[in-house]
Amino acid sequence: MRAQSSATDTTAIAVTAPREPLLLGTGQAALGVVAFSLTFPATAWGLESFGPWSLVAVRGVLAALVAGACLLLLRVPLPEARHLPGLAMVGVGTVLGFPLLTTLALQTSTTAHAAVVVGLLPLTTAAVSALRTGVRPSRRFWTAALVGAAAVVAFTVTQSGGALTRADVYLFGALLVCAAGYTEGGRLARVMPGWQVIGWALVLCLPLSALGTALALGHEPVHLTAHGIAGVLWVAVGSQFLGLLLWYRGMAAVGIPRASQLQLAQPLLTLVWSALLLGEHVPAAAPLTALAVLVCIAVTQRS
């Protein structure tokens with residue numbers, strides 16, 4: 001009986017053991033999505049204290065210092081020279097371009113509106129990746145992508161009074177540069193840990209971020225508030241570094257398909273934060289459009 005009991009216990013352990021890394025990885029990826037969903041509300045808070053250029057520059061410096069400290073403490077070797085162009089593209093897309101363009105957009109756009117537009121990012125990334133790698137997705141993929149894009153364009157035009165605003169142009173530009181950065185980062189993540197990809201990209205951008213900080217702070221007024229400080233700290237440490245660290249660790253544990261399903265909830269989470277933290281009125285069209293995009297993304301995932 002004891003031998004049988006021992007064998008049963010061993011079998012139970014063998015069956016349940018793989019679930020623990022899966023649950024841990026899913027939890028890490030989910031926390032990464034939550035961190036990303038807070039980016040726009042935190043940016044709106046940061047704009048209470050900083051100008052748009054100052055906010056982006058300070059954000060980049062703080063994130064680079066945290067990333068550099070982690071790379072030094074863990075004694076991570078320098079990236080190979082052949083990876084530097086790719087890291088530079090990640091920096092241009094995700095460290096400089098996307099934060100700057102979305103911050104400029106949020107000067108005149110609500111976070112709810114921006115969340116719906118940027119909800120197209122998974123589709124945009126997939127399209128850019130297909131062009132970059134030469135992979136040819138199915139017709140169903142492209143049909144779903146075009147339907148999702150059409151839903152967002154219709155939403156933006158309707159909410160903007162019949163024409164695209166400057167904020168919308170910034171947001172669509174942010175989609176393109178971020179998709180390019182994500183695509184290049186995904187390629188590099190095959191040869192180095194994902195957190196090192198964003199870490200080295202932040203460090204490479206540090207000279208520009210530091211120069212931008214010095215110039216921007218000299219021209220834009222700063223009025224420190226609790227919201228402003230909390231906002232800039234979150235977008236620097238929470239969104240730019242910690243969120244990506246958790247996201248890549250979770251994605252490595254559970255796989256890209258499973259993790260990407262979690263990211264479908266990001267625009268809807270941002271709508272919730274916009275209402276709770278900023279008191280924004282969320283029009284009925286916003287969650288409906290976000291749900292339509294979610295369905296389209298789900299179709300592309302299955303394609």
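A residue is called buried when its relative accessible area is under 20%, exposed when it is over 50%, and partly exposed in between (1.4 Å probe, protein chains only). The structure described here is a predicted model, in which local features need pLDDT of at least 70 and side-chain atom pairs count only at pLDDT 80 or more, while totals for chains, interfaces and linings use all residues. Residues are numbered from 1 along each chain as its sequence is written, and side-chain values use heavy atoms, with hydrogens and water left out.

The protein chain contains 14 helices and zero strands; helices (H or I, at least four residues) and strands (E, at least two) are DSSP runs, numbered from the N terminus. Of the 303 residues in the protein chain, 46% are buried. A contact is defined by heavy atoms within 4.5 Å. Among contacts between residues at least 6 apart in sequence, 88% join residues at least 24 apart. The protein chain exposes about 15,000 Å², of which carbon and sulfur atoms supply 69%; accessible areas come from the Shrake-Rupley method with a 1.4 Å probe, and for residues only the protein chains shown count as cover.

The interior was examined through its nonpolar cores, each being a set of buried Ala, Val, Leu, Ile, Met, Phe, Trp, Tyr and Cys residues joined through side-chain atoms within 4.5 Å. The largest nonpolar core has 24 residues, and Val 95, Val 197, Leu 202 and Trp 247 have the most contacts inside it. Two or more residues of this core come from each of helix H2 (19-37), helix H4 (52-73), helix H5 (84-105), helix H10 (194-219) and helix H11 (226-254). The most is given by H10, with seven residues. When residues up to four places away in sequence are not counted, Val 95 touches Val 90, Ile 198, Ala 201, Leu 202, Cys 205 and Gln 240. A second, separate core of 21 residues includes Phe 40, Leu 101, Ala 145 and Ala 179.

Charged side chains were considered next. A salt bridge is a side-chain nitrogen of Lys or Arg within 4 Å of a carboxyl oxygen of Asp or Glu, and the count by this rule comes to two. In one of these, Glu 80 pairs with Arg 82, with the closest N and O atoms 2.6 Å apart. Glu 80 counts as partly exposed because its relative accessibility is 43%, whereas Arg 82 counts as exposed because its value is 57%. A salt bridge also joins Arg 187 and Glu 184 (2.7 Å, N to O). Both Arg 187 and Glu 184 lie in helix H9 (residues 166-188), three residues apart, about one turn of the helix. Arg 187 is partly exposed, at 34% relative accessible area, while Glu 184 is buried, at 8%.

Arg 59, in helix H4, is buried yet has no salt bridge. The nearest side chain of opposite charge, Glu 220, is 13 Å away; here Lys and Arg count as positive and Asp and Glu as negative, with His and the chain ends not counted. Leaving aside neighbours within four places in sequence, the contacts of Arg 59 include Thr 39, Thr 43, Pro 99 and Gln 240.

On the surface, Leu 217, Val 222, Leu 224, Ile 229 and Leu 233 form a nonpolar patch with about 410 Å² of accessible area together. Patches are made of residues with over 30% relative accessible area and no salt bridge, like charges being joined within 9 Å and nonpolar side chains (Val, Leu, Ile, Met, Phe, Trp, Tyr) within 5 Å. Leu 224 lies in the loop between H10 and H11 and is exposed, with a relative accessible area of 57%.
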